[in-house]
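Take the model below as a starting point. The text walks from confidence to surface, then to one residue.

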Amino acid sequence: MNLLLMGGDGSIRVVIIVKWRKLQGGVSGTVELFNRDRNDMPRCEQSESIFPRPATGNNQRLGIRRRDIFGPALLDDNSGNDIFYLDVERLRGYAAESLHFMNLVPA
């Protein structure tokens with residue numbers, strides 16, 4: 001994450017990291033969204049549990065601003081503050097399917 005955000009010379013504005021851990025009872029996972037703070041230092045803006053599914057896991061999603069995705073390629077008529085959401089429940093579904101093919105189960 002540091003290499004991408006700090007070593008990317010400002011061209012990379014957002015990094016998403018998915019962490020998996022194999023446990024005796026299955027596989028646990030988290031997804032983290034990193035960007036830079038006002039002092040241009042990397043910070044974890046959001047972290048969500050994939051497995052085990054949280055009891056209050058409804059509407060888990062990562063929000064990324066349009067300007068962080070498109071940077072200098074952003075067209076003038078588009079608002080840079082628009083937010084695109086990545087749904088953690090969809091990621092959870094794809095992950096569970098992939099774990100099945102590896103004879104693993106979600107924690």
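What follows covers confidence, a surface patch and a lysine.

This is a predicted model, in which local features need pLDDT of at least 70, side-chain atom pairs count only at pLDDT 80 or more, and totals for chains, interfaces and linings use all residues. Residues are numbered from 1 along each chain as its sequence is written, and side-chain values use heavy atoms, with hydrogens and water left out.

The chain averages a pLDDT of 90 (the predictor's confidence in each residue, from 0 to 100). At least 70 is reached by 99% of the residues. Among the elements, strand 1 (residues 15-23) has the highest mean, 96. Helix 2 (residues 66-70) has the lowest, 86. Elements are DSSP runs numbered from the N terminus: helices are H or I of at least four residues, strands E of at least two.

Now the surface. I16, V18, W20 and L86 make a nonpolar patch of about 330 Å². Strand 1 supplies the largest share, three residues. L86 sits in strand 5 (residues 83-87). L86 is partly exposed, because its relative accessible area is 40% (buried is under 20%, exposed over 50%, partly exposed in between, with a 1.4 Å probe and protein chains only).

Strand 1 also holds K19. K19 is partly exposed too, at 42% relative accessible area. Its C-alpha atom lies 5.3 Å from that of T30, eleven residues apart along the chain. Beyond neighbours within four places in sequence, K19 is in contact (heavy atoms within 4.5 Å) with S28, G29, T30 and E32.

Note on methods: Patches are made of residues with over 30% relative accessible area and no salt bridge: like charges are joined within 9 Å, nonpolar side chains (Val, Leu, Ile, Met, Phe, Trp, Tyr) within 5 Å. Accessible areas come from the Shrake-Rupley method with a 1.4 Å probe; for residues, only the protein chains shown count as cover. A salt bridge is a side-chain nitrogen of Lys or Arg within 4 Å of a carboxyl oxygen of Asp or Glu.
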